[in-house]
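Please work through the following exercises with the sequence and the model side by side. Try each task before you read its solution.

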Amino acid sequence: MMIRTFRLIATSALLTALAVLASAGMSAQGKPPAQGAPSQPQTAPARTAKDWATAPSSERAFKVRLDFNRWHDVAELQADMRTLEKAYPKFLKYVSLGKSYGGRDLAAMIINNPDTGADTTKPAMYIEANIHGNEIQGGEVCIYTIWYLMEHYGEIDAVTRLVDERAFYIVPTINPDGRDFFMRGSGGNARTGHMPVDDDNDYQFDEDGPADLNGNGVIEQIRKHVPGQGTHRKSAADARILEPVSPGETGDYVLLGQEGVDHDGDGRVGEDGLGSYDPNRNYPADWQPNYVQGGAMDYPFQLPEARAVNDFLLAHPNVAGLQTYHNSGGMILRSPGAEQTGEYPPADVRVYDTIGRHGERMLPFYRYLVIWSGLYTVHGGVTDWSNDTLGIVSFSNELWNGGQYFNSPDLKEQQRDPESPIAPRVANFFFNDYLEFGDQLTEWKPFTHPQYGEVEIGGAFRKTFGRVPPRFMNEELCHRNMAFTLFQAEEMPRMSIGDTKVERLADGVFRVWVDLVNDRVAPTILAKAAQNNVVPPDLLTLDGKNVEVLSASWVPSKWRPAVAPMIDQKDLTRIMLRNGQPGRTTRTVQYLLKGAGSITVKYASVKGGTAQKVIALQ
């Protein structure tokens with residue numbers, strides 16, 4: 001009985017509580033609370049799908065939309081440059097360095113913020129690409145760099161600082177003739193430019209190059225089926241691969257070389273194609289004739305493209321950093337190009353090592369190397385010329401590493417197994433079949449050759465495969481390589497006037513200390529450039545009305561009195577620093593002055609910019 005009574009009481013209390021809650025709910029749904037009752041908190045209505053569709057996005061829309069997942073011919077590159085110039089006229093200026101042999105513009109973009117000074121007064125970064133006609137992806141990296149700097153100026157502090165403090169000269173293709181031939185033609189012999197050369201010494205020029213006989217846009221291989229009489233057989237690993245037979249054995253195929261015909265009747269196919277020289281062997285630093293360095297042409301700067309680059313950089317001595325984009329292999333290269341020229345001075349090596357090793361962390365699968373020891377010997381290359389003759393810290397990135405097709409530790413481990421479907425010998429076939437859906441490899445097909453009769457043509461990867469990344473992987477390549485080059489631009493010298501200190505010694509006589517600061521890795525003058533006397537000395541000037549400089553000295557610090565040898569120059573208001581200012585250093589100059597008022601101390605460096613400060617003598 002007591003249990004039943006307790007249950008009735010509990011039920012009655014619960015019903016009472018529910019009634020109170022229901023009343024409160026009705027009040028919250030629109031009925032005003034009783035006079036004097038506390039107001040109930042208001043709940044925001046749930047947003048509908050329509051509300052979210054009109055709300056501002058957290059992702060800012062780009063002003064200019066460009067695509068970086070395909071390759072652009074010369075006209076398209078220049079059109080993108082014009083589009084960017086129109087969108088950002090304050091910062092961008094489209095110019096031409098000159099004309100290629102084929103009459104195409106060597107189009108360039110100058111990036112500069114005029115509010116912080118003319119481009120020629122700032123340390124500048126020169127970026128070029130595509131000196132070899134078939135090394136095309138650097139052109140996209142260049143366009144991406146222009147686009148990224150503009151789209152993120154004012155949004156990302158580091159980008160804003162770069163555009164304010166530096167100038168950029170960007171040339172997406174320095175070999176437009178070769179680029180268009182590679183893009184629009186079959187791509188055979190596309191590394192070169194198009195100045196005619198007699199490769200086979202028959203007094204004819206460019207008369208016998210590769211020919212796309214079947215018209216599919218690829219220079220393929222020719223094979224002939226000769227059962228039991230051949231030198232090659234189909235591989236057991238993949239029937240699309242022909243492998244040579246062992247000594248004493250016979251195969252079923254003979255390889256007849258690349259696709260083409262013997263145009264000049266000399267028994268050879270494709271031995272005298274367009275150009276057939278190397279545009280990156282025609283610069284004067286350590287230039288060697290053709291019998292030493294193939295493709296060097298007859299004399300330095302014979303090529304109009306090389307002359308145009310030289311003329312531009314001579315007119316812009318403020319260029320302190322250079323990047324020339326090549327492919328492939330995944331390398332961050334620096335000169336010397338030949339062992340015989342000797343290593344750079346230790347101070348310069350430290351600069352290159354600091355930048356290059358940092359780049360290895362930014363660019364997975366890339367290695368920082370010296371050209372002659374890590375790749376091969378190069379005489380007359382652009383980075384030797386720009387470093388040794390112009391005093392520019394210069395890198396050459398070899399864009400794309402085939403290891404990036406399988407870029408995980410697990411896949412790398414699988415490739416160690418020779419029976420794996422992604423073992424090195426067959427890896428490209430796997431990637432073609434399953435990620436490119438067979439688009440990158442041409443199948444062997446019958447063909448009636450005018451000289452060889454019934455043959456098969458095929459077995460070749462398309463001209464871009466292995467040399468440039470798959471299109472779906474190119475934007476990452478653009479961004480990472482741009483980021484490394486912008487890091488190099490950030491580490492170009494940056495001079496500033498630091499702390500100053502004034503001490504009155506007597507009426508009208510003062511001791512003044514001035515800190516000169518270069519807070520970046522690169523010096524204002526490379527040690528090699530100082531040895532070669534190819535960069536004008538930095539100038540430290542002091543200007544003051546009715547102020548006389550009695551002496552000037554370099555001292556360890558403005559806080560540590562010390563005996564300091566005087567600077568032995570005739571005019572101490574204009575001190576020349578022939579070795580410039582090292583990177584990441586502060587140097588203190590001590591003046592003994594007679595006079596009154598104020599002085600202006602200015603440090604002017606061709607490659608490190610200009611800094612000045614007004615100091616009151618009091």
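This is a predicted model: local features need pLDDT of at least 70, side-chain atom pairs count only at pLDDT 80 or more; totals for chains, interfaces and linings use all residues.

Residues are numbered from 1 along each chain as its sequence is written, and side-chain values use heavy atoms, with hydrogens and water left out.

**Exercise 1.** Find how many salt bridges the whole structure holds, and describe the one between D115 and K90.

*Solution.* Begin with the criterion: a salt bridge is a side-chain nitrogen of Lys or Arg within 4 Å of a carboxyl oxygen of Asp or Glu. A search of the whole structure with this rule gives 31 salt bridges. In the pair D115 and K90, the closest N and O atoms are 2.5 Å apart. Helices (H or I, at least four residues) and strands (E, at least two) are DSSP runs, numbered from the N terminus. Finally, consider accessibility, where buried means under 20% relative accessible area, exposed over 50%, and partly exposed in between (1.4 Å probe, protein chains only). D115 is exposed, at 59%, and K90 is partly exposed, at 44%.

**Exercise 2.** Work out which parts of the chain are tied together by E243 and R425.

*Solution.* First, the side chains of E243 and R425 form a salt bridge with an N to O distance of 2.3 Å. Because E243 belongs to strand β7 (residues 242–244) and R425 to the loop between α11 (409–414) and α12 (427–434), the pair ties together parts that are 182 residues apart in sequence. As for accessibility, E243 is buried at 15%, whereas R425 is partly exposed at 48%.

**Exercise 3.** Decide whether each partner in the salt bridge of E343 and R334 is buried or partly exposed.

*Solution.* The closest N and O atoms of this pair are 3.0 Å apart. E343, with 48% relative accessibility, is partly exposed, but R334, with 3%, is buried.

**Exercise 4.** Name the residues that are linked in a network of salt bridges.

*Solution.* The network consists of R161, E165, E490, R494, D519 and R520.
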